[in-house]
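Have the viewer open as you read.

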Amino acid sequence: VGQGLVAAYERLPEGHKSRGMLPGEIVEKIGKIMNPDPPKFNWRKYLRNFIGNSEVCGTRKTRRKDNERYPDNPALKVLHRKKILVGIDTSGSVSTAELEEFIRELTHIHKCGTEITVVQCDTAIRHIDKFKPGMEIHIHGRGGTILTPVLEYFRERSREYNCLIFFTDGGCEATPDWFKLRCLWVLSNRSCDADHLKPYVIRLEK
């Protein structure tokens, strides 16, 4: 979906995907991913080391422990959850198969006890939404590739999130020098070389 609708690509070295500069206005529907394949990365171990202590998100009533102040009422259990901002490259160079790969990994990240906010971006931020496993996904964009708007969005709200995880095919601009926050770039298994992305980069296995 969306192939042939993007023009004005920059010429990049051989082995790179093309990076378009024009915006997109396509909405692509991806079916629900109810039973994803096993994760391609050990998210639980990595997030524990990458993020550290979790954030207090709220409380939940439970009868598994006594309420010392009001014995006849359920006690309150404090819920600790990590809050992660996830950027997804929705430019035309990212295939539907790559997007589905990203969403499968999001499901496994969510299982690690994280609250995920997803920001979709091609040449600009196209959509922001909370992620829930099994939700119907609509991809917004499919134009060129300028991912800096997500970095700016994260910088403005860095106190709200533990980190930024950015899924891309690598065919994007270099990480700007001013960006010094905690960010992990996750490349698809079809991605190009990404020495221009900083500070942390991993590639999903095939």
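## Rings and charges

Which residues form one aromatic cluster? They are Phe-41, Trp-43, Tyr-46, Phe-50, Phe-102, Phe-167 and Tyr-200. Pairing here means that ring centres of Phe, Tyr or Trp (its six-membered ring) lie within 6.5 Å, with planes under 30 degrees apart called stacked, over 60 edge-to-face and the rest tilted. That rule gives nine aromatic pairs.

Before going further, some ground rules: this is a predicted model, where local features need pLDDT of at least 70 and side-chain atom pairs count only at pLDDT 80 or more, while totals for chains, interfaces and linings use all residues. Numbering starts from 1 along each chain as its sequence is written, and side-chain values use heavy atoms, leaving out hydrogens and water.

Arg-155 is over Trp-178, 4.1 Å from the ring centre, and Arg-182 is over Phe-50 at 5.3 Å.

## Helix H1 and the cores

Helices (H or I, at least four residues) and strands (E, at least two) are DSSP runs, numbered from the N terminus. Helix H1 spans residues 43-51, and its buried residues are Trp-43, Leu-47, Phe-50 and Ile-51; buried means under 20% relative accessible area, exposed over 50% and partly exposed in between, using a 1.4 Å probe and protein chains only. Viewed down the axis of H1, these fall within an arc of 75 degrees, so they line one face of the helix. The arc is taken from the directions from helix axis to C-beta atoms.

A nonpolar core is a set of buried Ala, Val, Leu, Ile, Met, Phe, Trp, Tyr and Cys residues joined through side-chain atoms within 4.5 Å. The largest one has 28 residues, and Trp-43, Val-86, Leu-106, Ile-109, Ile-165 and Phe-167 touch the most other members. H2 gives it the largest share, five residues. Apart from it lies another core of 18 residues, including Val-119 and Trp-185.

## Two residues up close

Contact means heavy atoms within 4.5 Å. Glu-101, in helix H2, is buried at 2% relative accessible area. Skipping neighbours within four places in sequence, Glu-101 contacts Lys-40, Ser-188, Asn-189, Leu-204 and Glu-205.

Ser-95 sits in the loop between strand S5 (75-89) and helix H2 (96-110), partly exposed at 22%. Not counting residues up to four places away, Ser-95 touches Arg-142 and Arg-190.

Terms used:
A charge sits over a ring if NZ of Lys or CZ of Arg is within 6 Å of the ring centre and within 35 degrees of the ring normal.
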